[in-house]
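Please have the structure open as you read.

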Amino acid sequence: MDGERDRRAREGTEGKVASARQAVGEARRIVVKVGSSSLTTAAGGLDADRVDALVDVLAKFRAPGAGGAPREVVLVSSGAIAAGLAPLGLPRRPRDLARQQAAASVGQGLLVARYTASFARYGVRVGQVLLTSDDMSRRSHHRNASRTLDKLLAMGAFPIVNENDTVATDEIRFGDNDRLAALVAHLVRADLLVLLSDVDGVYDGDPSKPGTSRIAEVRSPADLADVEIGSAGKAGLGTGGMATKVEAARIAAAAGIPVVLTSAVHAADALAGGDTGTWFHPTGRRSADRLLWLQHASTPQGSLTLDDGAVRAVVQGRKSLLPAGIAAVEGEFGAGDPVELRDAAGRAVARGIVNFDAKEIPRLLGRSTRELARELGPAYEREVVHRDDLVLLHV
């Protein structure tokens with residue numbers, strides 16, 4: 001009896017996985033992220049054969065079959081810094097920011113030129129979109145990025161997204177574009193996110209050692225609680241590793257987007273719904289795009305310390321932050337910048353877009369908006385951080 005129950009349970013699990021994989025093949029708008037190690041040689045520089053192999057898969061997936069609806073793909077591609085190493089005579093990825101930016105400046109042009117030539121074999125035009133997290137946490141810039149990507153897709157172009165590494169500072173160490181891919185998937189309302197690397201999924205141990213097995217599906221973060229996730233890969237060309245990919249998958253899944261994590265050589269199988277890689281089930285619902293960027297991509301420019309009443313209002317009551325609840329302000333920031341909201345112990349409880357400059361806030365502390373409006377004018381009868389521009393953090 002026990003053996004029969006185990007067999008039925010195993011078949012039930014396999015059936016659920018098969019159903020989930022079928023949903024992969026039915027996705028109409030997808031975001032694919034590929035890492036540096038899947039596009040370049042070990043010495044640095046683009047591997048034309050690898051790029052062409054990836055483009056072959058994406059172009060064929062994008063083309064509708066007989067009677068099928070057209071499918072849209074956005075590619076988030078790493079590789080700019082790695083592509084610039086060999087042309088600049090750099091033996092390995094540099095550690096200092098200036099040389100990283102120089103390598104990205106040379107490599108980004110080479111990367112897009114290679115994609116342009118490869119997609120031209122299928123009569124497909126390429127559009128380059130360079131993003132920074134700072135841009136995407138600001139409302140107007142966020143709208144512009146969304147409109148640009150939607151228009152590129154509507155016009156039949158193939159968007160290739162990368163971080164603007166030539167000018168980025170903190171963003172250049174943003175997780176090898178994995179987190180960016182999760183946020184772009186949410187931004188374009190994708191049906192699926194596919195993360196491609198040099199490892200064919202998440203394993204329950206070191207995949208190079210015997211006795212370890214691939215984890216076929218992840219239903220919640222608890223499924224990986226006892227799994228040790230590795231960091232950067234062997235090649236040393238990118239900054240990411242399995243840890244950043246799993247974190248990206250969690251971000252996307254929490255936003256209602258299913259994720260397949262596999263190796264670049266299995267890209268065709270992944271897009272066909274085959275049994276490859278690790279499938280992350282959606283764990284949440286889609287939220288406002290801008291708030292997802294605010295939580296996972298923004299860099300706080302300062303902080304506001306809240307009194308106990310304001311912490312309760314923001315965290316438990318989900319209310320806006322008013323001047324009366326602020327006890328202290330730190331940092332140099334302007335209106336529209338992201339800031340951390342901290343409790344009296346210094347713990348970050350939320351992050352939000354502030355409506356005032358740092359220099360203005362000290363004279364607002366502890367005062368009601370009505371009082372401020374009478375003294376300073378109607379422009380001061382407003383929230384310091386509106387609840388619609390605020391996300392709670394795990395504390």
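## Helix α2 against helix α4

Let us start with a contact list: from α2, the residues A48, V51, D52, L54, V55, L58 and A59 meet R114, Y115, S118 and F119 of α4, where contact means heavy atoms within 4.5 Å. Sorted by class, the contact of α2 with α4 holds 8 nonpolar, 1 polar and 2 charged residues. In this sorting, Ala, Val, Leu, Ile, Met, Phe, Trp, Tyr, Cys and Pro are nonpolar, Asp, Glu, Lys and Arg are charged, and the others, Gly among them, are polar. Helix α2 covers residues 48–62 and helix α4 residues 97–120; the two pack at an angle of about 50 degrees, with their axes 9 Å apart. Axes here are lines fitted to C-alpha atoms, for helices over the stretch in contact, and angles run from 0 to 180 degrees between N-to-C directions. Helices α2 and α4 are therefore oblique to each other; angles under 35 degrees count as roughly parallel, over 145 as roughly antiparallel, 65 to 115 as roughly perpendicular, and the rest as oblique.

Not counting residues up to four places away in sequence, D52 touches R114, S118 and R121.

## The model and the whole chain

This is a predicted model in which local features need pLDDT of at least 70 and side-chain atom pairs count only at pLDDT 80 or more, while totals for chains, interfaces and linings use all residues. Residues are numbered from 1 along each chain as its sequence is written, and side-chain values use heavy atoms, with hydrogens and water left out.

The chain has 12 helices and 13 strands. These are DSSP runs numbered from the N terminus, with helices being H or I of at least four residues and strands E of at least two. Of the 395 residues in the chain, 48% are buried. Among contacts between residues at least 6 apart in sequence, 73% join residues at least 24 apart.

Helix α8 (residues 242–254) has 13 residues and spans 18 Å from its first C-alpha to its last, close to the 18 Å expected at 1.5 Å a residue. That expected span is 1.5 Å times one less than the number of residues. Which residues of α8 are buried? They are M242, K245, V246, A248, A249, I251, A252 and A253. Just after α8, G256 takes a positive phi of about 85 degrees.

Helix α7 (residues 178–187) packs with α8 at an angle of about 15 degrees, and their axes are 8 Å apart. That makes α7 roughly parallel to α8. The crossing of α7 and α8 is right-handed. On the α7 side the contact is made by D178, R179, A182 and L183, and on the α8 side by T244, K245, E247, A248, I251 and A252. By class, the contact of α7 with α8 divides into 5 nonpolar, 1 polar and 4 charged residues.

P282 sits in the loop between β8 (278–280) and α10 (289–296), and at 39% relative accessibility P282 counts as partly exposed. Leaving aside neighbours within four places in sequence, P282 is in contact with A253, G256, I257 and P258. P282 and V259 are 23 residues apart in sequence, and their C-alpha atoms are 7.9 Å apart in space.

R189 is found in the loop between α7 and β5 (192–197). Although R189 is not a glycine, its phi is positive, at about 55 degrees. R189 is partly exposed, with a relative accessible area of 41%. R318, in the loop between α11 (308–315) and β10 (326–331), has a positive phi near 50 degrees in a residue other than glycine. R318 is exposed, with a relative accessible area of 55%.

Terms used
Buried means under 20% relative accessible area, exposed over 50%, partly exposed in between (1.4 Å probe, protein chains only). A crossing is left-handed if the near helix is turned anticlockwise from the far one by less than a right angle, and right-handed if clockwise.
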